[in-house]
Amino acid sequence: GSVRSYLGTWAGPSTVTPAAQSCGGLQWKITSQAGSQASGEFAATCADGIKLAGTVTATHSDTTIPWAATGTATKGTTTCPFNMTGTGTFQGTSNIVVNYAGTTTCLGPFSGSETIKR
């Protein structure tokens with residue numbers, strides 16, 4: 001079978017206000033794909049105005065996409081590293097339901113789910 005292309009920008013709704021201990025407006029900007037690996041830039045906005053920015057790497061199969069993101073969490077002048085992991089599940093051809101859990105050293109744990117689309 002042919003390998004599905006993940007290249008491009010996948011993003012969730014930007015108008016959502018994240019609930020406590022969760023994030024919204026997830027964005028994967030996939031710039032590299034080889035074999036079953038895809039990678040690129042990652043961004044999200046979390047509760048309390050926390051912004052996440054970093055890189056995402058994913059391994060894809062026909063149905064699920066285990067992924068991980070690392071980078072910097074910023075709130076005002078405070079910055080600290082974050083890491084998160086999750087699983088994406090395709091819904092049709094252009095939507096991915098992303099479940100995630102992560103933590104930041106300065107802001108604590110977070111988790112949630114969001115649908116991103118290209």
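**Note on an all-strand predicted chain**

1. In the protein chain, 38% of the contacts with a separation of 6 or more join residues 24 or more positions apart. A contact means heavy atoms within 4.5 Å.

2. This is a predicted model: local features need pLDDT of at least 70, side-chain atom pairs count only at pLDDT 80 or more, and totals for chains, interfaces and linings use all residues. Residues are numbered from 1 along each chain as its sequence is written, and side-chain values use heavy atoms, without hydrogens and water.

3. The protein chain has eight strands and zero helices. Strands are DSSP runs (E, at least two residues), helices are runs of H or I (at least four), and both are numbered from the N terminus. The radius of gyration is 14 Å, close to the 13 Å that the globule rule gives for 118 residues, so the protein chain is as compact as a globular protein of that length. The radius is taken over C-alpha atoms, and the rule is 2.2 Å times the number of residues to the power 0.38.

4. Of the 118 residues, 34% are buried. Buried means under 20% relative accessible area (1.4 Å probe, protein chains only).

5. The whole structure holds seven aromatic pairs. Rings of Phe, Tyr and Trp (its six-membered ring) pair if their centres lie within 6.5 Å; planes under 30 degrees apart are stacked, over 60 edge-to-face, the rest tilted. W10 and F90 have ring centres 6.0 Å apart and planes at 80 degrees, so this pair is edge-to-face. W10 sits in strand β1 (residues 8-11) and F90 in strand β6 (residues 78-91), 80 residues apart. Both are buried.

6. Ring pairs also join W28, F42, W67 and F82 into a cluster.

Conventions: Buried < 20%, exposed > 50% of the residue type's maximum accessible area, 1.4 Å probe, protein only.
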